[in-house]
Amino acid sequence: MEEYSKRTEKLKKLINDADYILIGAGAGLSTAAGLEYSGKRFYDNFPEYMKKYGFTDMYTSMFYPFKSPEERWAYFAKHVYVNNTGMEGTYLYKKLYELIKDKDYFVITTNTDDQFLKSGFDKERFFRTQGSYSKLQCSKACHNKLYDNEELILEMIEKTDEDLKIPSELVPKCPVCGEEMDLNLRKDNFFVEDDEWHKQNQAYVDFRKKALNGKLLLLEFGIGFNTPIIIRFPFDELLKSSDNINLARFNRSHVELTVEHNGQYYLVPEDELDKYLSPEINERYLPFKEDIGNTLDELF
Ligand SMILES: [Zn+2]
């Protein structure tokens, strides 16, 4: 890997020169922004849930088999509040916005905390593929509509009792089929993609097509291997597809590239890429294991 200062200088120039910037973001960006699912942030916000259920973090708690909808919604109301409803745009996301706001940009993200929207990014240039904590849908996906949940979440939190249950009348029911409502998160085959989702998806496709006409910079933040086929692998392919495309990948532990060799795909560490890729492609790939916040600071 090249020296850090050389890579930041290079990235600064790439941002300057780019006609188009496509940001791809996963959980690692929100973790870097301070929205951690474990540690102090969890202990500070969920002491009563640690005591009652033995929860250790906000990730595993989402899979807990709650005995009743009243208990499940009490937990999720708090989870949604802590990660979305009660959060403003964070410093890191705002800084990223300042960096690219005057460029022709687009954002694709698997994050459901809406930090991009809260930090100034244009919702017309934004595609959240996996849903949002801020929306409700029918749990059986009987109809194709989403509902804002802010007021309901606040009321649930206010009325959660000492046993960590909400009143039964607050358990949201589908206005069409009467089944329970659920958060709009992609976790099973009942995920609802509403008209807005399809519109965002089309805007993403259109942006990618348009961006092939100029210099495109891919800025990838904190995407691991939970759902690499959504952003990470397509970015790898884009990088290899054109001399006009550069990729800067920010990842604490995984800055590999996917490389096809004799019909097989391999994850190749950055320092072995020259065995598989031409120097021209290597030149257009900028890996960063360093802290995202610190690196963004260097770019101003
Ligand atoms: Zn329904």
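The legends below describe close-up views of a predicted model. In this predicted model, local features need pLDDT of at least 70 and side-chain atom pairs count only at pLDDT 80 or more, while totals for chains, interfaces and linings use all residues. Residues are numbered from 1 along each chain as its sequence is written.

**View 1. The parallel sheet of six strands.** The 6 strands form an open sheet with parallel pairing in the order E3-E2-E1-E7-E8-E11; strands (E, at least two residues) and helices (H or I, at least four residues) are DSSP runs numbered from the N terminus, and two strands pair if DSSP finds at least two bridges between them. Strand E3 (126-128) and strand E11 (285-288) stand at the edges with a single partner strand each, so one side of each is left without a neighbour in the sheet. Neighbouring strands of this sheet are turned by 10° against each other on average, direction ignored, where axes are lines fitted to C-alpha atoms, for helices over the stretch in contact, and angles run from 0 to 180 degrees between N-to-C directions. Strand E8 (residues 245-250) is joined to E11 by 4 parallel bridges, and Ala 248 stands opposite Leu 286 in E11.

**View 2. Strand E7 and its two partners.** E7 pairs in the parallel sense with E1 over 6 bridges, Glu 220 being the bridge partner of Gly 24. A further 6 bridges join E7 to E8, again in parallel, and Leu 219 has Ala 248 as its bridge partner in E8. The chain crosses from E7 through H10 to E8 in a right-handed β-α-β crossover, meaning that, with the strands pointing away from the viewer, the path from the first strand over the helix to the second runs clockwise.

View 3. In helix H10 (residues 232-241), the buried residues are Arg 232, Phe 235, Asp 236 and Leu 239. They cover an arc of only 105° around the axis, taken from the directions from the helix axis to the C-beta atoms, which puts them on the same side of H10. Glu 237 and Ser 241, on the other side of H10, are exposed.

View 4. Strand E9 (257-261) is joined to strand E10 (residues 264-268) by 5 antiparallel bridges, with Glu 260 opposite Tyr 265 in E10. The hairpin has 2 residues between the strands, and Asn 262 takes a positive phi near 50°.

**View 5. The antiparallel sheet of three strands.** This open sheet of 3 strands has the order E5-E4-E6 and antiparallel pairing. Strand E5 (147-148) and strand E6 (181-185) stand at the edges, each with a single partner strand, so one side of each is left without a neighbour in the sheet. Strand E4 (residues 131-138) pairs with E5 over 2 bridges, and Lys 135 stands opposite Asp 148 in E5.

Conventions:
Buried ≥ 20, exposed ≤ 12 C-beta atoms within 10 Å, placed from the backbone. Contact = placed C-beta atoms within 7 Å.
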